[in-house]
Amino acid sequence: MWVLYIGKDLCAVDELQQQLGATIKVTAAEWNNGQVVLVSRAPNVVVIEATEVQASLADCFRQIRETWPGVPVVAILPANAAVETPTAFLEAEQVVFDDRLQLLGWAVRKALQAYLVENERRQADQALGALAQLLTELVRSAPVPIVVCDRELRVTMWNPAAERVLEWRASEAAGKTIGELFGEGSELERLLNEARQRASPVEAEFSYQRNDGQRLELRLCCAPLLDSSGAVENLAAVLVDVTELKLVIRAYRETNERFFSAFQSAPTGMMLAGLDGQILRANPALCRMLGYEEQRLRQVRLTDLIHPDDRTQAQLSIETAPARTELRLVHAHGDTVYCDWHVSTVCDESNQPQYAIIQVVDLTERKRAEEQIRRYASELERSNRELQQFAYAASHDLQEPLRMVRGFLELLERRYGDQLDQTARQYIQFAVDGAARMQALIRGLLDYSRVQTHAQPLRPVSLEKVLAQALANLHASLLEAHGEVIHEPLPTVKGDEHQLVQVFQNLIGNAVKFRSERTPRVIIRAKDKGHEWEISVQDNGVGFDPAQAGRLFQMFQRLHPRSKYPGTGIGLALCHRIIERHGGRIWAESRPGQGATFYFTLPKEPNVS
């Protein structure tokens with residue numbers, strides 16, 4: 001701090017410096033020829049010698065007031081009353097007469113103290129003004145409604161957010177009581193009265209219905225503003241619209257309740273596990289599956305439930321969730337539980353995993369059944385292989401004895417026929433016919449067994465070519481019966497050419513064999529069914545009873561007497577087996593006396609068996 005001393009004689013500068021001490025510096029400015037140059041930096045106190053009547057000195061006083069407003073002035077006035085003192089000096093903060101200069105330091109300190117107090121007050125007023133302006137701007141720009149009332153609950157401040165939410169303009173709300181705005185006894189009025197009476201903050205939630213009918217859920221935070229005596233002078237209320245938050249919380253609770261209801265009642269095992277392997281929750285199905293009470297299960301580490309050989313796989317599934325795999329768990333009794341293990345994780349808002357939801361489906365019974373099926377399939381495959389080998393060997397080995405029996409019977413008839421009576425020759429004929437039928441039956445069985453054992457790979461084959469081969473094989477019988485075969489264009493399919501020839505040959509051969517009195521006529525068509533071809537073979541023969549259609553494709557089943565229509569009963573069973581091998585279906589439709597139509601399908605991309 002420093003003091004500017006202005007005067008002509010500067011007679012009291014040294015004395016003033018001594019009175020003030022080293023903490024306050026005194027700088028002299030000599031009054032010379034009625035002028036003084038003021039420094040740019042304002043002093044804390046100005047001391048002016050007014051011991052002479054100088055009009056220019058009064059002008060200097062006014063200049064100090066204008067240049068440094070608020071800086072106190074100490075005037076040294078003459079003690080001689082005869083000397084006229086300029087009126088401006090009468091406005092100085094302190095006056096010291098020239099015969100009492102020992103009081104000059106005291107006067108300067110007193111003026112300085114008054115200056116400091118006034119300066120602090122002025123700074124405080126400026127700070128309060130700035131703070132008030134800041135608070136006003138904060139209230140005005142706040143995104144939530146803010147209402148300020150006096151102790152009579154009369155509105156003194158109403159920000160734009162309050163206008164939007166509460167549907168009253170600030171100009172309309174100003175000066176009105178809360179009761180006048182929202183109705184006497186309203187929830188808002190009750191809560192503000194409570195804060196006023198308690199002289200302490202109040203927080204509460206209440207419902208508010210707008211003029212447009214929309215109901216809002218509002219949270220009120222009301223703080224009373226007290227005066228210096230501790231009495232409530234104003235009330236500041238902040239209202240937050242929590243309608244959407246309430247809806248979110250309600251939806252979360254409902255979702256949470258539904259989840260845990262589904263969690264508890266799920267037929268499959270489910271658990272919630274922390275990323276550290278701690279089991280947080282387990283549903284009853286999982287407890288039953290593993291033989292634990294839930295409380296006990298929550299004390300077990302997740303890794304302890306997993307078979308040692310599958311722990312790495314389980315940990316990997318959690319780290320890469322969502323993931324699904326099959327692994328083994330360990331029952332409380334030590335048994336192995338095979339399961340389908342499905343892991344998903346729940347993440348926070350920053351997408352960081354918090355815990356895992358693990359679904360466990362018990363596959364133990366299915367695994368046992370699959371193992372049993374594999375065992376049965378292996379045994380069945382071995383049995384079928386042995387049966388096929390046996391059928392082939394038996395049918396092949398039976399051919400020679402039958403040829404021998406038939407040959408010797410025919411030799412017996414030729415050499416000794418004239419020595420035998422009619423009955424003996426008839427018996428020999430029965431034996432020859434029986435041997436012939438047995439040979440045909442064995443050939444049929446041999447063909448049936450060869451459908452799998454002698455099958456060729458399926459490759460593109462023209463059904464036109466297949467049909468031509470079948471008709472060539474049947475040329476003699478068709479010529480004898482004067483039969484006619486008509487066909488539409490036939491497609492190329494993937495198949496075993498030799499086996500498909502057998503199918504057409506058997507179906508057309510049956511049409512000739514089971515003909516009526518009319519000349520045999522066969523019509524063959526092909527229809528594109530999108531993913532497969534449907535082939536139909538229609539004849540005008542004797543037909544059959546639809547009720548017997550189920551027996552047509554069974555081994556050794558005949559719908560007509562052998563005496564009238566010879567055959568082994570294997571042909572249609574062979575067709576059924578061949579079409580099955582090609583991945584298709586075969587069936588027939590008919591009426592007695594109206595002919596029959598046989599249908600079979602051939603997939604465009606067959607499943608080769």
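**Ground rules.** I am reading a predicted model, where local features need pLDDT of at least 70, side-chain atom pairs count only at pLDDT 80 or more, and totals for chains, interfaces and linings use all residues. Residues are numbered from 1 along each chain as its sequence is written, and side-chain values use heavy atoms, leaving out hydrogens and water.

**Helix pair.** I looked up helix 1 (residues 13–20) and helix 3 (residues 104–141), whose axes come within 8 Å and cross at roughly 60°. Helices here are DSSP runs of H or I with at least four residues, and strands are E runs of at least two, numbered from the N terminus. Axes are lines fitted to C-alpha atoms over the stretch in contact, with angles from 0 to 180 degrees between N-to-C directions. I then found L16, Q19 and L20 of helix 1 in contact with L104, G105, W106, V108 and R109 of helix 3 (heavy atoms within 4.5 Å).

**Salt bridges.** I counted 25 of them, each a side-chain nitrogen of Lys or Arg within 4 Å of a carboxyl oxygen of Asp or Glu. E118 and R122 form one at 4.0 Å, N to O, and they sit 4 residues apart in helix 3, about one helical turn.

Next I checked D340 and R324, whose closest N and O atoms are 2.6 Å apart. D340 lies in strand 14 (residues 336–347) and R324 in strand 13 (residues 323–330), 16 residues apart. Is D340 buried or exposed? D340 is buried at 10% relative accessibility, while R324 is exposed at 63% (buried is under 20%, exposed over 50%, partly exposed in between, with a 1.4 Å probe and protein chains only).
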